[in-house]
Each structure stands twice: as C-alpha cells, then as structure tokens.
Amino acid sequence: MASESNSGLEWASLPKELLDSILGRLASMADCIRFSAVCSDWRRIAYENYRNPPCDPRRRHQLPLLLVPTPDSSTDARSLYDVRRKRLYDFRLKVPYHRRCAGSSHGWLIFVHDSYKVTLFNPFSRKSIHLPPIRRLFFEKRIRDEVDEMSVLPDFEKYQYEKKLRDEYDEEEREYVPDIDEIVFYNDSEDEGDDLEQDEEESKDPEFGPERFHESEYSVVRGVLSTNPEINPNGYFLMVIYGTQSRLAFIKSGDEYWTYIDQSICDQNIRDFVESTYQVSVDKGLWYWRDIVYRNGLYYALDHFGVLLSCDVGTNLKVERITELDRLHNKWNHKTYLVESSEGDLLRVIRVIEDEYHYEMTIKFVVYKLIDFCGDPHWAEVNSLGNDALFLGDNHSISVVASDFVGCQPNFIYFCDDCDDFYYCGGPNDIGVFNLQDGCVRRHYTLAHSQRLMPPSIWISPTFL
C-alpha cells in the first residue's frame, strides 16, 4: 500500500490537461472547493483556471453561498449553505475570527479588530491581508468614552478639547461645536429617538445592550473591493462605510493610511448642493451612506435619500454628484442597496422592513433603475429584474444571470439579515427569498436558537483558490 506522502505525490503528478478536464466537468461549487484542497498543485490549477477561464463563465462568476455557523457552533469555522438546493455542505471552512464580518467582496471576508485595524481573509485560500487602522474610529470611541467628562466642561473648553482629539485622529475640522448627544447618538435618525428605548429586561442583558453596537466589529457596515487582491495584489482598492455617521473611506493596496471622503476633497458644486439641500454643514451632508459598488473604474455610493456619488479614487481623487435627493423612501429602518445588473445598469433596491412580534422582518423589496434622460439622471421604479437574481445583505451587493445556474430563479432577491446594530433576542433570522413578480417573501434558512449570538450569516462568492 502506498504511503500517504507517496499517494500525495501521485495525485500531484497527474497531467495538467487531465486536471483541466476534471475541473471543467465539476458542476458543484462544493466539488470545486474540494478539488482545490487536494494538494498545492491542484490548487494552482484551480487558480489558473479562475484567472483565465477557457470559455465557461462559471470559472470566474460563481453563485454566492451563505456563510453560516457550523452545526456544532464552532468558533473557528463556518459552513456553507446552498440556497438553490436548500443544502448545508458537509465541509467546514476555517475562519479564525469569531466576530461579525464587516463585508464580503470577491470571495474575501472583511473583519475589523478592536484596534480598528482591518483584515481581509479568504476562507478558500486561507490567505490574509492586514490593513492599517481606520483612525477616525478611535476619535468616535474617545468621544463616547469621555462624554460624561466633556459634558460638564464650559463650551469653549469642550470645543478646544474636541479639536485636540480631532487633530490627534486625523478627524475633519468643524466650524461649530457639536452637541455631545449628536455625536454619541446610537441611531442616525433624530426623528426616531424614542424607538431607541429597549425593553427593561433587554437593557439589562449586556449581550443586547448599546455596548454591543459600539464594538469594533460593528464600526464598519459595508466594504467593497475593486477586484480580487489575488488577481491584482498591487492595484486593488477597498472602500468602506464606517462609523456612527456612516461615512466613506478608502485605501489602496500598499497605502499606510486611509483616505476619507469629506468636505476637504469636495468641489464647490457638491458643497453648495449639500448645504442647500440638507440645510446643514458640508461634512454632515456626507453622512449616512448606505451602499457602494465598483463599476467601470469608479466607486459609486448611494445614500438613504437616493443621492448617488461617483468617486474616482485614481491618481487625482474626484467626487461628483449624479442624482438629486428624492426621499422616495425616508423611513430609517428601511435598508438601501446599490447593485450593478448583469447588463450594466445601476439598481437602487429598497428593503422594506416592519416589526413582527418584536422582530424586524423583511416584507418586500422595491427596485429602481438609474435613468439618464436628456441629461437628467434619476431613479425610476421597475417591476422586473429580467433574467437577473440579486443577493443582498452585508456583502458586496451581487447580481447574477439566473439562467447560468441550475436552480437559481430569475426575478428573485435572495437576502440575509444585515442588522447593523445589536440583535434582538431572536438573533439575525431575517433570511429569505423575495419574488419580485408575485411580491411574496419565503424563508429558506433559519438559525438554531443556540446560534442566535453567533456571528451573522453573510453571502460569499467562492473563489476555490
């Protein structure tokens, strides 16, 4: 009988043409992942096929799978759930960080540590990329931690102390002294302050108190890569939505510091628009971003009120406003997503949420398409996604051509829970499928009660590298 080491050598010595043929016949993503795990030579073959797919689009564009807790609730591994087959795969992916993913993009998970450093982790190749801390998050934490001490200071001393902190953490300057309550506000809607009151029993439980929202793992709510870092290790960008005011920042591979999208880089056109539309200072008008997409060499960011910005993060940073504020959906508990369709259109997707027995549950989605008619870009409602299916949550919002994948339904929106603050006692269970044609929501995956405090599930696009 051949030894284990000799057996590994025999597998590695198979001709490349044969391995290419085997890989090309694998229809299941689970089988592709297993293929790449056989040995380093097989993984290299999978990597080459991923970078240069012969003709089959499945090699580069894979259907997202749901990254979920393992059946035994492991703290260092996750499982994958296939929504098409309603099947939990029987293998485990090692994920060394037992915390919420701040995003998922191009097969990479995004984690924020207590030091506010950011780590990109690919659970398929098990590679990590460590990025510098987002320093402005330290400023927010200091303000929260020292709010009691600051509140008793005279206004001028309070202003001077805050200015010192802003200088220390590279925070933008402000022309006025903000109210302390405004800085530590747990929700971005001043109209719904009463809704922040928690039930008495819930507030006594540290697992569900406001402290959970301010943990570092919730300090970034979205992250989008421009490309897969393994394909372009020296030329990728990462843009995030960070902090209690949901602002924008980005970093390029190799940079030592993050670049912040604020008033210091805005031209006069945007400054005038923000001040006249929101009736606030420019920096506050650059808050409350909801989603990001990278398209044709530009980042696009969408806010809660339908304002769309384009961000050229190349050599000469340039930010331009594309759409006006419209307030088509102005309820703060509704979620907003930005997606590029398979045909290259930008879609604005509204997730309508209502309270059901003390749980926030999705009841429908509303979809708009960016229309540019006679130089007047605006959002127009559409009733069909055509042959597309969308995958929405904390992940980089994804559209796929449904007919490319057996069992994937066109005109469907597959969604998972992406509550960005602390969870209610039921945990992150708002996971399901919405049929845009009949308007029905169907549930497809439910966490076990014992898993309610596990890191929330998230969609991930497998790379099997």
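Phi of Tyr288 is near 65°, a positive value in a residue other than glycine. I noted this because most residues other than glycine have a negative phi. Tyr288 is buried, with a relative accessible area of 17%; buried means under 20% relative accessible area, exposed over 50%, and partly exposed in between, with a 1.4 Å probe and protein chains only. I then turned to Arg126, which has its place in the loop between strand 7 and strand 8 and whose phi, near 60°, is also a positive value in a residue other than glycine.

**What the values rest on**

I keep in mind that this is a predicted model, in which local features need pLDDT of at least 70 and side-chain atom pairs count only at pLDDT 80 or more, while totals for chains, interfaces and linings use all residues. Residues are numbered from 1 along each chain as its sequence is written, and side-chain values use heavy atoms, with hydrogens and water left out.

**Sheet 5-6-7-8**

I followed an open sheet of four strands in the order 5-6-7-8, with antiparallel pairing; two strands pair if DSSP finds at least two bridges between them. Strand 5 (103-105) and strand 8 (127-133) stand at the edges with a single partner strand each, so one side of each is left without a neighbour in the sheet. From one strand to the next the twist averages 20°, with axes taken as lines fitted to C-alpha atoms (for helices over the stretch in contact) and angles running from 0 to 180 degrees between N-to-C directions. Within this sheet I checked strand 6 (residues 108-112) and strand 7 (residues 117-122), which pair in the antiparallel sense over four bridges, and I found Val112 opposite Val118 in strand 7.

**Sheet 9-10-11-12**

The order 9-10-11-12 describes an open sheet of four strands, with antiparallel pairing. Its edges are strand 9 (220-225) and strand 12 (259-261), each with a single partner strand, so one side of each has no neighbour in the sheet. Neighbouring strands here are turned by 25° against each other on average, direction ignored. Five bridges pair strand 9 with strand 10 (residues 237-242) in the antiparallel sense, and Leu225 stands opposite Leu238 in strand 10.

**Salt bridges around Arg247**

I recorded 25 salt bridges in the structure, each being a side-chain nitrogen of Lys or Arg within 4 Å of a carboxyl oxygen of Asp or Glu. Glu140 and Arg247 meet through their side chains at 3.8 Å, N to O. Glu140 lies in helix 5 (residues 135-145) and Arg247 in strand 11 (residues 247-252), so the pair ties together parts that are 107 residues apart in sequence. I also found a salt bridge between Glu171 and Arg247, with the closest N and O atoms 2.9 Å apart; this pair links Glu171, in the loop between helix 7 (155-168) and helix 8 (180-183), to Arg247 in strand 11, 76 residues apart. Glu140 is buried at 6% relative accessible area, Arg247 is buried at 5%, and Glu171 is buried at 6%.

I looked next at Glu324 and Arg321, whose side chains meet in a salt bridge at 3.1 Å, N to O. Glu324 is partly exposed, with a relative accessible area of 45%, and Arg321 counts as partly exposed at 21%. Finally, I noted that salt bridges that share partners join Arg136, Glu140, Glu171, Arg247 and Asp262 into one network.

Terms used: Helices (H or I, at least four residues) and strands (E, at least two) are DSSP runs, numbered from the N terminus.
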